[in-house]
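Here is a short briefing on one protein model. Look at the sequence and the 3D structure, then read the points below.

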Amino acid sequence: MADADGNKRARDYGLDIPVVQDSFFVKGMNNTDWGMKNRLSRIFNPKSGNTVMLAFDHGYIVGCTSGLERIDLSIAPLADYADVLMGTRGAIRAAIPPTSNKAVCLRATHDASVLFDDMASGSGLGVDMEDALRMNASALAVQCFVGSQKGERDSLEVLCRACDAGYRYGVPVMGVTAVGKEMARTTQYFLLATRLLAELGASIIKTYYCDDFEKVVAGCPVPIVIAGGKKLPENEALTMAYQAIQSGARGVDMGRNIFQSEHPIAMCQAVAKVVHEKFTDKEAYEFYLNEINK
Ligand code: 5RP
């Protein structure tokens, strides 16, 4: 049995050898069904292979937060500039016009609220597949606490059951590597967590950018998108996105660094330039400055 003792550290990631994608452009998804491929093609742009997901699911943990006080006013106008809207069914139904016609990545777990000092202290499936299909979701997002005494078992159980339903109905599941109290943000941790979620059936992984990110990408058999994290100055957020894409990430699932920007539309467009149009971070920041000075 594989265990920690005698587990030789991975070395040869074949970084110079591309993964064969003979019948479908999304990594690791060659052998999935038509419906799954169709939904993945709504998430990842078939031309660039990449995606800009706009994350605004924060309220399910922190309640009303800066930039998300009125989702109808802050997020709905941004929808045109992203590829995917990542939020809860409550927020999407209430505040996003169905005519926006963007792919939806539905936050499908409930987790401990901000009132608990460890967000890994309790999670479960927050949406059933019937309602996800009713919302025309293109993917489900499941938060996973790999390495947490309190949260690992429950959250991985939720992931596995969501993947079962996802494969039954052709809906990809995005495994989110949440970092709770006990989890260090190290390359070793992200190598472990991303691979583990993919092995359990996730078709997309959301994780944090870290050192040696190309190894994290290479060791994960399905596409990785990076989380934005806390609000950074716009140029730094664009640099993080650029470095992630250079290392093989297939996009971003970014929230605060877009909707908390003073100029969210320009920021979302600048991120898309990096993700889809091969802009460098500097070019994208120039684009951002030009947009806000128009
Ligand atoms: C945490 C999440 C978030 O709720 C959210 O999507 C994060 O977005 P950002 O960090 O870019 O504001 O998925 O894992």
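This is a predicted model: local features need pLDDT of at least 70, side-chain atom pairs count only at pLDDT 80 or more; totals for chains, interfaces and linings use all residues.

Residues are numbered from 1 along each chain as its sequence is written, and side-chain values use heavy atoms, with hydrogens and water left out.

**The whole protein**

- The protein has twelve helices and ten strands. Both are DSSP runs, numbered from the N terminus: helices are H or I with at least four residues, strands are E with at least two.
- The radius of gyration is 18 Å, close to the 19 Å from the globule rule for 294 residues, so the protein is as compact as a globular protein of that length. This radius is taken over C-alpha atoms, and the globule rule is 2.2 Å times the number of residues to the power 0.38.
- The C-alpha trace spans about 60 × 40 × 40 Å along its principal axes.
- Of the 294 residues, 53% count as buried. Buried means under 20% relative accessible area, exposed means over 50%, and partly exposed is in between (1.4 Å probe, protein chains only).
- Take the contacts between residues at least 6 apart in sequence: 64% of them join residues at least 24 apart. A contact means heavy atoms within 4.5 Å.

**Surface and charge**

- The accessible surface comes to about 14200 Å², and 49% of it belongs to carbon and sulfur atoms. Such areas come from the Shrake-Rupley method with a 1.4 Å probe; for residues, only the protein chains shown count as cover.
- There are 31 positive and 35 negative side chains, and the centres of the two sets lie 2 Å apart. Lys and Arg count as positive, Asp and Glu as negative; His and the chain ends are not counted. Each charge is placed at NZ of Lys, CZ of Arg, CG of Asp or CD of Glu.

**Helix 6**

- Helix 6 covers residues 152–169. Its 18 residues should span 26 Å at 1.5 Å a residue, and its end C-alpha atoms are 26 Å apart, which agrees. The expected span is 1.5 Å times one less than the number of residues.
- Its buried residues are S155, L156, V158, L159, C160, A162, C163, A165 and G166.
- An α-helix has 3.6 residues a turn, so residues three or four places apart point the same way.
- G170 follows helix 6 and has a positive phi, near 80 degrees.

**Helix 11 and its neighbours**

- Helix 11 (residues 264–277) has 14 residues. It reaches 19 Å from its first C-alpha to its last, close to the expected 20 Å.
- Its buried residues are A266, M267, C268, A270, V271, A272, K273, V274 and V275.
- The cover over these buried residues includes strand 1 (51–55), helix 9 (234–246), strand 10 (251–254), helix 10 (256–259) and helix 12 (281–292).
- A284 is found in helix 12. At 0% relative accessibility, A284 counts as buried.
- Leaving out residues up to four places away in sequence, A284 touches L238, A270, V274 and F279. A284 and V274 are ten residues apart in sequence, and their C-alpha atoms are 6.5 Å apart.

- Most residues other than glycine have a negative phi.
- K278 is not a glycine, yet has a positive phi of about 60 degrees. K278 sits in the loop between helix 11 and helix 12. With a relative accessible area of 77%, K278 is exposed.
- N136 is not a glycine either, and has a positive phi of about 55 degrees. N136 lies in the loop between helix 5 and strand 6 (139–144).

- T88 lies in the loop between strand 2 (84–87) and helix 4 (89–95). Its relative accessibility is 17%, so T88 counts as buried. Beyond its neighbours within four places in sequence, T88 is in contact with D57, Y60, L106 and R107.
- E130 has its place in helix 5 (residues 129–134). At 54% relative accessibility, E130 counts as exposed.
- L192 has its place in helix 7 (residues 187–199). L192 is partly exposed, with a relative accessible area of 46%.
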